Amino acid sequence: MRRREEALVADDLADDEKDPRFVTALARGLELLRAFRRNEAMLGNLELAQRTGLPKPTVSRLTYTLAKLGYLAYDQNTGKYRLGTSVLALGYACLSGMGIRQVARPLMQELADQTGLAVALGGRDRLSMIYLECCKATVPVTLSLDVGSHIKLSTTSMGRAYLAALPEEERAPLMAKLEEHEGERWPEIRDGIQQAIEDYRTRGYCRSIGAWKSEVHAVGVPFVPRDGSQVLVFNCGGPAFMVDLKALEEEFAPRLVAMVGRIDATLFNG
């Protein structure tokens, strides 16, 4: 599935390159950095060329430049690159600039302790959602997800809540990309998203009961900033064997909705 998403991104990049305002070299450099995956230490120029679809000579120039700037670090023993500390600095600058995290974290931890489940904040990253904050209860078993983890946009409660909160003119082109990405599974996935949109309208939250992974149940609530900035989403969930579905929908989901309301009031009402 990751390869299919990379192919779609490559197609989008080719289209963007026709825009005279688009800086192709910059875009290619950023795509190179994105080629590194979670729990993956080092990649060589050949692997980077295969993942990005860029010619190897282009990749070599880009990796040399990015290493000079500290965004990549070159390993003399293996002849490969790892992400450099400058990438980490950008990530922390991004997270620290999100005032919502400071406001939300104590409320998220309170809800996690009350429910015994994990509570997370995420935003969209192409056809995935990425965790920006995560709070867990002090229980021996929980989801192995943390800040920086990617989950699916199309089948998770977090992704479905994000889609449900978008205006139709923004959701439609994203749904078209998801259809291409998901292939033959799309009819079932589309139905789940449509149900999530209806659930958000009538209940204020979206569900994913084994739709992403059969062993995971969760609910999600979008946070739509009044200042017009990007939609974010809070979710609450855990391993299926730990989640009481009745409590999840009748007790925990309303608490999550109320928590998001408190965060909105704090941020925008002072």
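Thr52 has a relative accessible area of 16%, so the residue counts as buried. (Buried means under 20% relative accessible area, exposed over 50%, and partly exposed in between, with a 1.4 Å probe and protein chains only.) The model is predicted, so local features need pLDDT of at least 70 and side-chain atom pairs pLDDT 80 or more, while totals for chains, interfaces and linings use all residues. Residues are numbered from 1 along each chain as its sequence is written, and side-chain values use heavy atoms, leaving out hydrogens and water.

Where does Thr52 sit? Thr52 belongs to helix 3, residues 45-52. (Helices, H or I with at least four residues, and strands, E with at least two, are DSSP runs numbered from the N terminus.) Now look at its side chain. The side chain of Thr52 reaches the backbone oxygen of Leu48 at 2.7 Å. Residues up to four places away in sequence aside, Thr52 touches Glu31, Leu32, Ala35 and Val59. (Contact means heavy atoms within 4.5 Å.)

Next come the charged pairs. Side chains of opposite charge can pair when their charged atoms come close. How many salt bridges does a search of the whole structure find? The search finds 18. (A salt bridge is a side-chain nitrogen of Lys or Arg within 4 Å of a carboxyl oxygen of Asp or Glu.) One of them joins Glu133 and Arg105, with the closest N and O atoms 2.7 Å apart. Glu133 lies in strand 4 and Arg105 in helix 6, so the pair ties together parts that are 28 residues apart in sequence. Glu133 is buried, with a relative accessible area of 7%. Arg105, at 35%, is partly exposed.

Another salt bridge holds Glu249 to Arg207, and here the closest N and O atoms are 3.3 Å apart. Again the pair links distant parts of the chain: Glu249 is in helix 10 and Arg207 in strand 6 (residues 206-209), 42 residues apart. Glu249 is buried, at 19% relative accessible area. Then there is a pair inside helix 10. Arg255 and Glu251 meet in a salt bridge at 2.7 Å, N to O. The two are 4 residues apart in helix 10, so about one helical turn separates them.

Turn to the rings. A pair of aromatic rings is described by the distance of the centres and the angle of the planes. The structure holds 3 aromatic pairs. (Rings of Phe, Tyr and Trp, the last by its six-membered ring, pair if their centres lie within 6.5 Å; planes under 30 degrees apart are stacked, over 60 edge-to-face, the rest tilted.) Phe223 and Phe234 have ring centres 6.5 Å apart and planes at 90 degrees, so this pair is edge-to-face. Phe223 lies in strand 7 (residues 216-223) and Phe234 in strand 8 (residues 232-239), so the pair ties together parts 11 residues apart in sequence. Both Phe223 and Phe234 are buried.

Phe223 has another partner. Its ring centre is 6.3 Å from that of Phe268 and the planes are at 20 degrees, so these two are stacked. Phe268 lies in helix 10 (residues 245-269), so this pair ties strand 7 to a part 45 residues apart in sequence. Phe268 is partly exposed, at 28% relative accessibility. Together, ring pairs link Phe223, Phe234 and Phe268 into a cluster.

Last, the cysteines. A search of the whole structure finds 0 disulfides (pairs of cysteine sulfur atoms within 2.5 Å). Cys206 is in none, and its nearest cysteine sulfur, that of Cys236, is 14 Å away. The sulfur of Cys236 is 11 Å from the closest cysteine sulfur, in Cys134, too far for a bond. Cys206 is buried at 0% relative accessibility, and Cys236 is buried at 0%.

Definitions and conventions. Polar contact = N/O pair within 3.5 Å; in protein donor to acceptor, adjacent residues only side chain to side chain.
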